[in-house]
Amino acid sequence: SVPVIASGGIADGRGIAAAITLGAAAVQLGTAFLTTAESGAPEAHKAALLSKGRATRVTRAFSGRPARGLLNEFLAAAEATPGAILPFPYQNDLTRAVRGAAARAGETELLSLWAGQAYPLARRESVAEMLTRLQSEARDAAASLQGYL
C-alpha cells in the first residue's frame, strides 16, 4: 500500500521497465542527467562520465558526506591519508577552492566527479532527447517482457 520509488543503478529504459515490472510506482534517475546539455556539471565532469573507463567509489573525500564518485587522484590520496577527511561541512568548505579551480581548469584528477554505478549508460544529449529515448526504450523493454509475465 506504500508506493515504492526505485532509484540507484537506473539509467536506461530497460532499468525503468524492470523496476516498474517488479512493482515500483516510479523511478528516479540521477547520473543520467549530468551529461545532458542542460546540466550545470563542469564540462570536464561530463567528459569523464562519457569516457566510461573509471571505477566508482563511495567517498567522503570532497564534502565530508558519503557520495559515489569516479575514482581519481584526489579521492585516492584523501582516503589513503589518515585523518585527512573532516566531517561535513568542514571538508566541503576545505575542498571548495580546489574543486572550483579544478572545474575551471578542466582538471578531472582534482574534481569531485559524482557518478552512480550506471554512469557508463549516460549519453550526451538534451533532456528532451533523453526522456524521449528512455520512454521508447522502456516501452520496448516492457513489450519484450510480456511473454515472461
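This is a predicted model: local features need pLDDT of at least 70, side-chain atom pairs count only at pLDDT 80 or more; totals for chains, interfaces and linings use all residues.
Residues are numbered from 1 along each chain as its sequence is written, and side-chain values use heavy atoms, with hydrogens and water left out.

Coloured by element from the N terminus on, the protein chain runs β-α-β-α-β-β-α-α-α, and its C-alpha trace spans about 55 × 35 × 25 Å along the principal axes. Of its 149 residues, 37% count as buried, buried being under 20% relative accessible area, exposed over 50% and partly exposed in between, with a 1.4 Å probe and protein chains only. Among contacts (heavy atoms within 4.5 Å) between residues at least 6 apart in sequence, 56% join residues at least 24 apart.

**First stop: α1 and α5**

Select residues 13–21, helix α1, together with residues 127–145, helix α5; the two pack at an angle of about 55°, with their axes 7 Å apart. Axes here are lines fitted to C-alpha atoms, for helices over the stretch in contact, and angles run from 0 to 180 degrees between N-to-C directions. That angle makes α1 oblique to α5, since angles under 35 degrees count as roughly parallel, over 145 as roughly antiparallel, 65 to 115 as roughly perpendicular and the rest as oblique.

To display the contact, show Gly-13, Arg-14, Ile-16, Ala-17 and Thr-21 of α1 with Leu-134, Glu-137, Ala-138, Ala-141, Ala-142 and Leu-145 of α5. These residues divide into seven nonpolar, two polar and two charged; Ala, Val, Leu, Ile, Met, Phe, Trp, Tyr, Cys and Pro count as nonpolar, Asp, Glu, Lys and Arg as charged, and the others, Gly among them, as polar.

**Second stop: the largest nonpolar core**

Next select Ala-6, Ile-10, Ala-11, Ile-16, Ala-19, Ala-24, Leu-29, Ala-32, Ala-118, Met-130, Leu-134 and Ala-138, the 12 residues of the largest nonpolar core. Such a core is a set of buried Ala, Val, Leu, Ile, Met, Phe, Trp, Tyr and Cys residues joined through side-chain atoms within 4.5 Å. Helices α1 and α5 each supply at least two residues of this core, and α5 gives the most, with three. Apart from it lies another core, of nine residues, among them Ala-44, Leu-70, Ala-102 and Leu-111.

**Last stop: two backbone details**

Most residues other than glycine have a negative phi, and most peptide bonds are trans. Select Lys-52, in the loop between α2 (43–51) and β3 (56–59): its phi is near 60°, a positive value in a residue other than glycine, and at 37% relative accessibility Lys-52 counts as partly exposed. Finally, go to Pro-89, in the loop between α3 (73–80) and α4 (90–105), where the peptide bond from Phe-88 to Pro-89 is cis, with omega near 5°.

Methods: Helices (H or I, at least four residues) and strands (E, at least two) are DSSP runs, numbered from the N terminus.
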